[in-house]
Amino acid sequence: MFDTIGERITYCRSLLGMTRNDLAEKLGGVVSLPTIARWELNTVIPSLKKIDILVSFFISQGISVKIGRAHV
């Protein structure tokens, strides 16, 4: 469905009706607004630790997230 992690992050965020700034605030300062923008634009790939934070957040908001071949 999506070719890049940036597209996936953007999609999940949009499902929640959130702006990039909203997401940065909800993540409690763990990730900055410019960093989220770089991820979504695929100029930077998030670390596995940051991916885990995003996945946990999206799951807590009721979004089913698929990582690689494993379904979370």
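User: Which residues of helix 3 are buried?
Analyst: This is a predicted model. Helix 3 covers residues 33–40, and Thr35, Ile36, Ala37, Trp39 and Glu40 are buried there.

User: What do the buried residues of helix 3 pack against?
Analyst: They pack against helix 1, helix 2 (20–26) and helix 4 (48–60).

User: And what follows helix 3?
Analyst: Asn42 follows, with a positive phi near 60°.

User: Switching to the largest nonpolar core: which residues touch the most other members?
Analyst: The core has 16 residues, and those touching the most other members are Leu23, Leu27, Ile36, Trp39, Leu54, Phe57 and Phe58. At least two core residues come from each of helix 1, helix 2, helix 3 and helix 4.

User: Which helix gives the largest share of this core?
Analyst: Helix 4, with five residues.

User: What is Phe58 in contact with, leaving aside neighbours within four places in sequence?
Analyst: With that exclusion, Phe58 contacts Ile9, Cys12, Arg13, Leu16, Leu23, Ile63 and Val65.

User: Arg13, then. Where does it lie?
Analyst: Arg13 is in helix 1, residues 5–15.

User: Buried or exposed?
Analyst: Arg13 counts as buried, because its relative accessibility is 11% and the cut-off for buried is under 20%.

User: Which backbone oxygen lies 2.7 Å from a polar atom of its side chain?
Analyst: That of Met18.

User: What else is Arg13 in contact with, again leaving aside neighbours within four places in sequence?
Analyst: Besides Met18, Arg13 is in contact with Thr19, Arg20, Leu23, Glu40 and Phe58. Of these, Glu40 is one of the buried residues of helix 3.

Conventions: Residues numbered from 1 in each chain as written. Predicted model: local features only at pLDDT ≥ 70, side-chain atom pairs only at ≥ 80, totals over all residues. Heavy atoms only, no water. Helix = DSSP H or I, 4+ residues; strand = E, 2+ residues; numbered from the N terminus. Buried < 20%, exposed > 50% of the residue type's maximum accessible area, 1.4 Å probe, protein only. Polar contact = N/O pair within 3.5 Å; in protein donor to acceptor, adjacent residues only side chain to side chain. Contact = heavy atoms within 4.5 Å. Core = buried A, V, L, I, M, F, W, Y, C linked by side-chain atoms within 4.5 Å.
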